[in-house]
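Subject: Structure handover

Hello,

Here is the structure I said I would pass on.

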Amino acid sequence: MKAMTSKEVTKKIFNKEPLFILDVRNDTDFQDWKIEGENFEHLNIPYFDLLDGVEEILDQLPTDKEVLVVCAKEGSSVMIAEMLDEAGRDVSYLEGGMKAWSEHLEPVKVGELKDGGSLYQFVRIGKGCLSYAVVSNGEAALIDATRMTDVYLDFAKEQGVEIKHVFDTHLHADHISGGRKIAEATGATYWLPPKDADEVSFQYQPLEDGNVVKIGKTSIDINALYTPGHTIGSTSFVVDGKYLLSGDILFIDSIGRPDLAGKAEDWVADLRDSLYNRYKQLSDDLLVLPAHFMIIDELNENGSVSEKLGTLFAKNHGLNIEDEAEFRRLVTENLPPQPNAYQEIRETNMGKISPDIENQREMEIGPNRCAVR
Amino acid sequence: MIVAKVLDAKGLACPMPIVKTKKAITDLQSGEVLEIHTTDKGAVKDLAAWAQSTGNELLKHEEENGVFMFWMKKA
């Protein structure tokens, strides 16, 4: 019996390798959220139904492919993996369980910048969150950083760059931002859209339409573009004239939902204007880099998530609804369930409450659910 | 409600609360009630699901100061 890390599982997803997952969590948790890969198979049998032995499920487990036992925090998967080991099966368990899976970030290089700098996407594969590092001439800017702040700080150290600016495209409702913590640790400037920051309890730099920030000695421009709709402050960025960081406004196969701050009816018109007017004026050649992906099919060959804006205008259903009333219906009715603990997450990101790390983990459990399709 | 036995599983991580519950309930007679104390939040859903799959009846559960308490009636 051996441990398999989240990083190793991520590699299998990126490389489309086969894996058989025996998920021993209860049925509700499994249905809500699981590890998905193009060539992954699943069998869900709760650990508490296997306490008397694993003999009954042996014939359901393949012997010709890798088997990974998964549970919430590791303990139960170790127990079941040990039982399978004793029964003569060669299996692994997921180190740290779904908690570790939810926290794993995989940096993927998205592309080059004009002056030789690079843009990296941090794929939070278990939860579908995407954050970014713009690196140029010894300096870096981070966008939508998660609470796993060490990953970004270590990344900056490895690259030999200093983090100068930290941005959040909006006040997040599905995950806890690491922006403020990173800014405090590095002395970087923390930017937030002021319209999302009415109630925040800390100092920040107001991020407004038309702001331009330069990274490195030469000019990597980060242009802020006010695109409300998911939240009233939601802001996109055009980086280096080539990349469109769309936050939670536009995704690859869906669009942002306007209801997580309780204002769906009010914000529909803003959302439509951002997508159908403001984005429409931008170059079709921009590479859209959203703050989330929803399904594993959205991953490119190298594991990154991106698509040309022109392609999205042709293919994304949410950008192709001519009738305004129909658009309104789509984004206000039959919305998916809200993200787990989204109110508490918003309050944490405002600095109103400071839950401990265990609670932060619990709050973020599950998929992101920021989109409407 | 008459409690036949109290199981203190505080401080134990998954899967131990359920492993101990299963052991403790085998010693009871049908219809007797086991009271379980645990600090593992995951046990809330798991004990309910375990009760369903075994036929034991989860009479109620409460939380007090981070301790989750369950009353389980043996099938």
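Predicted model: local features only at pLDDT ≥ 70, side-chain atom pairs only at ≥ 80, totals over all residues.

Chain A

Chain A contains 11 helices and 20 strands. Its C-alpha trace extends over about 65 × 50 × 40 Å along the principal axes. The radius of gyration of chain A is 21 Å, and because a compact globule of 373 residues would come out near 21 Å, the value agrees with that expectation. Of those 373 residues, 49% count as buried. Among the contacts in chain A with a separation of 6 or more, 62% are between residues 24 or more positions apart.

One annotation applies here. An unreviewed UniProt entry places "domain: Rhodanese" on residues 15-110 of chain A. Over residues 15-110, chain A is 26% helix and 23% strand, with 17 Å between the end C-alpha atoms.

Chain B

The sheet in chain B is open and has 4 strands, in the order β1-β2-β4-β3, with mixed pairing. At its edges are β1 (3-9) and β3 (57-64) of chain B; each has a single partner strand, so one side of each has no neighbour in the sheet. On average, neighbouring strands of this sheet are turned by 15 degrees against each other, direction ignored.

The pairing of β3(B) with β4 (residues 67-73) of chain B is antiparallel and runs over 7 bridges. Opposite His61(B) stands Phe70(B), in β4(B).

Two helices of chain B can be described against this sheet. Helix α1 (residues 16-26) of chain B lies across β1, β2 (33-38) and β4 of chain B, and runs at about 155 degrees to β1(B). Helix α2 (residues 43-54) of chain B packs on the sheet and touches β2, β3 and β4 of chain B. The direction of that helix makes about 170 degrees with the direction of β3(B).

Regards

Key: Residues numbered from 1 in each chain as written. Chains lettered and ligands numbered in written order. Pairing = 2+ DSSP bridges. Axes fitted to C-alpha atoms, helices over the stretch in contact; angles between N-to-C directions. Contact = placed C-beta atoms within 7 Å. Rg over C-alpha atoms; globule rule 2.2 N^0.38 Å. Buried ≥ 20, exposed ≤ 12 C-beta atoms within 10 Å, placed from the backbone. UniProt positions renumbered as here; feature names shortened; annotations may be inferred.
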